[in-house]
Amino acid sequence: MADEAVFLLLHNEMVSGVYKSAEQGEVENGRCITKLENMGFRVGQGLIERFTKDTARFKDELDIMKFVCKDFWTTVFKKQIDNLRTNHQGIYVLQDNKFRLLTQISAGKQYLEHASKYLAFTCGLIRGGLSNLGIKSIVTAEVSSMPACKFQVMIQKL
C-alpha cells in the first residue's frame, strides 16, 4: 500500500514539475503533454521488459493487449482494466472506471479540463510497453466523467 501512495505522489509531482518549468519558460501546453508522454514511454519500455522476461511469446496483438489489460495494468495500478474492446482492425479501447491517477482530482467537474495532464504519462506508458513488444501505436485518452477514462490504442501497421 505504501508503494502505491509513493507512486501517486511521484506522479502528481512529476506533472506539477513539468508544468511549473513550462510556466517559467512560457512553453505551451502541448509540449508539457509530450514531455510527460515521453517519460511514460521510457518507463513503459522498461517495465514491460521486466514483466515479460519469464513469459511465453504472445500469439498475436490481441494476446498482447490482454496481457497489458490484466498483468501489466494490475502490476502498475493494482487492478485490471475494466473493459477491453476492439474492432478487430487495429483499434482497441481500454476502459478503467476508477482510474487511480484521477481519483484524487475527481471531486468536481471543474477539474475535467486538467485530466489530460494526468493521463499523458499513462498514454506513454501503454505506448512504450507496446513498442517494446513490437507494436507501434498511437495512444489517446478521453475522460467523460471522472475518475473513469478510456484509452484508445490505434495499432499502426508497418
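Student: Before we start, what should I keep in mind about the model?

Tutor: It is predicted, so local features need pLDDT of at least 70 and side-chain atom pairs count only at pLDDT 80 or more, while totals for chains, interfaces and linings use all residues. Residues are numbered from 1 along each chain as its sequence is written, and side-chain values use heavy atoms, with hydrogens and water left out.

Student: Okay, salt bridges. How many does the structure hold?

Tutor: The general idea is a side-chain nitrogen of Lys or Arg within 4 Å of a carboxyl oxygen of Asp or Glu. Here there are 4 salt bridges. One of them pairs Glu 61 with Lys 157, with the closest N and O atoms 3.3 Å apart. That pair links distant parts of the chain: Glu 61 sits in helix α3 (residues 61–77) and Lys 157 in the segment after β4 (149–155), 96 residues apart. Helices (H or I, at least four residues) and strands (E, at least two) are DSSP runs, numbered from the N terminus.

Student: Are Glu 61 and Lys 157 buried or exposed?

Tutor: Go by relative accessible area: under 20% is buried, over 50% is exposed, and in between is partly exposed (1.4 Å probe, protein chains only). Glu 61 is partly exposed at 22%, whereas Lys 157 is exposed at 60%.

Student: Which residues does Lys 79 bridge to?

Tutor: Asp 82 forms a salt bridge with Lys 79, the closest N and O atoms being 3.0 Å apart. Asp 96 also has a salt bridge with Lys 79, at 2.7 Å between the closest N and O atoms. Asp 96 belongs to strand β2 (residues 91–96) and Lys 79 to the loop between α3 and β1 (83–86), so this pair ties together parts that are 17 residues apart in sequence. Salt bridges with shared partners join Lys 79, Asp 82 and Asp 96 into one network.

Student: And how accessible are these residues?

Tutor: Lys 79 is buried, with a relative accessible area of 19%. Asp 96 is buried as well, but Asp 82 is partly exposed at 40%.

Student: What else does Lys 79 touch?

Tutor: Contact means heavy atoms within 4.5 Å. Leaving out residues up to four places away in sequence, Lys 79 touches Trp 73, Thr 74, Asp 96, Asn 97 and Lys 98.

Student: Now the strands. How do I read the pairing?

Tutor: Two strands pair if DSSP finds at least two bridges between them. Start with β1 and β2: they are antiparallel, over 4 bridges, and Leu 84 stands opposite Leu 94 in β2. The two strands form a hairpin with 4 residues between them, and His 88 in the turn has a positive phi of about 60°.

Student: Where does β3 come in?

Tutor: Strand β3 (residues 137–142) is joined to β4 by 6 bridges, and the two run antiparallel. Ile 138 stands opposite Met 154. A hairpin through 6 residues joins β3 to β4.

Student: Last one: how do I read aromatic pairs?

Tutor: Rings of Phe, Tyr and Trp (its six-membered ring) pair if their centres lie within 6.5 Å; planes under 30 degrees apart count as stacked, over 60 as edge-to-face and the rest as tilted. A search of the whole structure finds 7 aromatic pairs. Among them, Phe 99 and Phe 151 have ring centres 5.5 Å apart and planes at 70°, so the pair is edge-to-face. Phe 99 lies in the loop between β2 and α4 (100–103) and Phe 151 in strand β4, so the pair ties together parts that are 52 residues apart in sequence.

Student: What are the accessible areas of Phe 99 and Phe 151?

Tutor: Phe 99 is buried, with a relative accessible area of 0%, and Phe 151 is buried, also at 0%. One aromatic cluster takes in Trp 73, Phe 77, Phe 99 and Phe 151.
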